[in-house]
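Visitor: I'm new to looking at protein structures. Could you walk me through how to read one?

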Amino acid sequence: MPVAASDIGTAMRAVGFSLLAAVAFGCHGEHNGSLAHDASMMDAASAGTETGTGGGTGARDGGTRRDGGTRDGGMPTSLDGSATTDGSIVDASDGAVPSDTFLSVSAGADHACAVKSDHTIVCWGRDYSGDTIAPAGTFLSVSTSSTHSCAVKSDHTLACWGDNIYAQVDATDRPTGAFLSVSAGGSHTCALKSDNTIACWGANTDGDTTPPPGTFLSVSAGGGHTCGVRSDLSLACWGLNQSGQTSPQSGTFLSVAGGYDYTCAVRSDHTLSCWGDNQDGRATPPSGTFLSVSARVFSCAVRSDGTLACWGGPPAGQPHYFDQATPPLGTFLSVSVGNYFACGIRADGTLTCWGDNTYGQTMVP
């Protein structure tokens with residue numbers, strides 16, 4: 001039975017969140033990733049003013065470019081800052097909120113970053129190349145990859161940090177202007193501009209940084225590919241396609257999440273579709289209806305009742321098995337998967353992580 005929108009609203013307001021009037025179950029903003037109600041999405045798409053969030057992660061593991069890319073499917077952040085990368089709805093005018101609650105989270109390969117309720121960023125886990133050294137200031141959303149991260153500042157400019165071997169964080173190479181969302185991929189980064197066009201930078205081995213023209217509602221960068229939800233709710237994908245990850249299925253979609261070598265998306269009827277490499281069942285989603293999805297080398301999604309479902313990843317007894325596909329109980333606002341761990345924001349705004357803790361990536365500060 002779906003959770004009533006009023007119940008979620010009460011939980012969110014309890015931690016200083018302001019639930020927008022347009023938000024109900026099925027209208028749950030991007031982390032990174034969530035959904036807008038079908039009718040409101042279609043209206044917004046036709047008007048060209050859809051808001052929400054985007055973001056997630058990509059990966060380049062141990063210097064190998066195509067490893068562990070991921071994206072958290074969702075909608076772009078509105079210019080008024082009313083939504084975050086992972087679907088949390090926030091009104092920046094609400095005033096002081098508890099310091100131990102979070103607005104969004106993004107899990108990278110072996111580290112994670114999150115936007116706290118005061119809009120500052122905190123990162124933890126493996127510090128490969130400054131990955132966990134977040135910049136000062138206030139932010140609307142954050143997206144982590146294996147070894148670099150990017151975030152949208154409160155003034156809608158971008159900040160990036162970490163590994164810069166492919167100029168994926170270089171301020172001189174990345175575009176300027178105002179942005180709605182950003183998504184850090186394997187060795188490239190893509191962002192949704194305020195005019196709803198997409199800009200990408202970094203490694204361009206397979207056309208990773210060459211997005212198609214047109215206007216989009218969200219963008220999600222994977223290991224070596226990227227996908228976006230167009231204003232008409234169709235999908236466009238580009239970049240590496242060795243497993244069919246840039247050959248999207250037909251239909252209309254609310255959000256998309258680019259994994260390492262596969263892609264998952266939430267359809268307009270709130271069911272899930274995945275395509276690309278199906279190793280360990282990563283591209284075989286469960287049935288039911290969902291609010292958001294996050295993909296990397298395994299996947300997790302928020303069901304319509306707020307509970308989590310995870311699938312894929314190594315089976316028990318195999319290397320890299322950390323029971324990461326067994327999520328905790330309870331109701332959640334968003335979820336983000338790393339290589340072998342995941343983090344989720346609970347309905348009360350607190351953050352929990354599970355799975356591989358080799359580098360302290362499940363130890364929320």
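Visitor: Let's start with a sheet. In what order do the strands of the open sheet of 3 strands come?

Guide: Keep in mind that this is a predicted model. The order in that open sheet is β20-β21-β22, and the pairing is antiparallel.

Visitor: Which strands stand at the edges?

Guide: Those are β20 (332-337) and β22 (351-355). Each has a single partner strand, so one side of each has no neighbour in the sheet. From one strand to the next, the twist averages 20°.

Visitor: How many bridges join β20 to β21?

Guide: There are 5 bridges between β20 and β21 (residues 341-346), running antiparallel. To find your way along that pair, look for Ser334, which stands opposite Ile345 in β21. As for side chains, in a regular strand they alternate between the two faces of the sheet.

Visitor: Now a hairpin. Through how many residues is β14 joined to β15?

Guide: The hairpin runs through 3 residues. Strands β14 and β15 (residues 262-267) are antiparallel, with 5 bridges joining them. Ala257 faces Cys264 across the pair. Strand β14 (residues 253-258) is mostly covered, with 6 of its 6 residues buried.

Visitor: You mentioned Cys264. Which cysteine does Cys264 form a disulfide with?

Guide: A disulfide is spotted by how far apart two cysteine sulfur atoms are, with a cut-off of 2.5 Å. Cys264 pairs with Cys274, their sulfur atoms 2.1 Å apart. The torsion about their S-S bond is about 105°, so this disulfide is right-handed. Cys264 is buried, at a relative accessible area of 0%, and Cys274 is buried too, at 9%.

Visitor: How many disulfides does the count come to?

Guide: The count is 7 disulfides. Among them is the one between Cys150 and Cys160, with sulfur atoms 2.1 Å apart. Cys150 lies in strand β6 (residues 148-153) and Cys160 in β7, so the link ties together parts that are 10 residues apart in sequence. Both Cys150 and Cys160 are buried. Another of the disulfides joins Cys300 and Cys310, at 2.0 Å between sulfurs.

Visitor: Which backbone oxygens lie by polar atoms of the Arg174 side chain?

Guide: One is the backbone oxygen of Val169, 2.7 Å from a polar side-chain atom of Arg174. Another belongs to Leu158, at 3.3 Å. Arg174 also touches other residues, including Cys160 and Trp201.

Note on methods:
Residues are numbered from 1 along each chain as its sequence is written. This is a predicted model: local features need pLDDT of at least 70, side-chain atom pairs count only at pLDDT 80 or more; totals for chains, interfaces and linings use all residues. Side-chain values use heavy atoms; hydrogens and water are left out. Buried means under 20% relative accessible area, exposed over 50%, partly exposed in between (1.4 Å probe, protein chains only). Helices (H or I, at least four residues) and strands (E, at least two) are DSSP runs, numbered from the N terminus. Two strands pair if DSSP finds at least two bridges between them. A polar contact is a pair of N or O atoms within 3.5 Å; within protein, one must be able to donate a hydrogen and the other to accept it, and residues adjacent in sequence count only if both atoms are side-chain atoms. Contact means heavy atoms within 4.5 Å. Axes are lines fitted to C-alpha atoms, for helices over the stretch in contact, and angles run from 0 to 180 degrees between N-to-C directions. Lists of a residue's contacts leave out its neighbours within four places in sequence.
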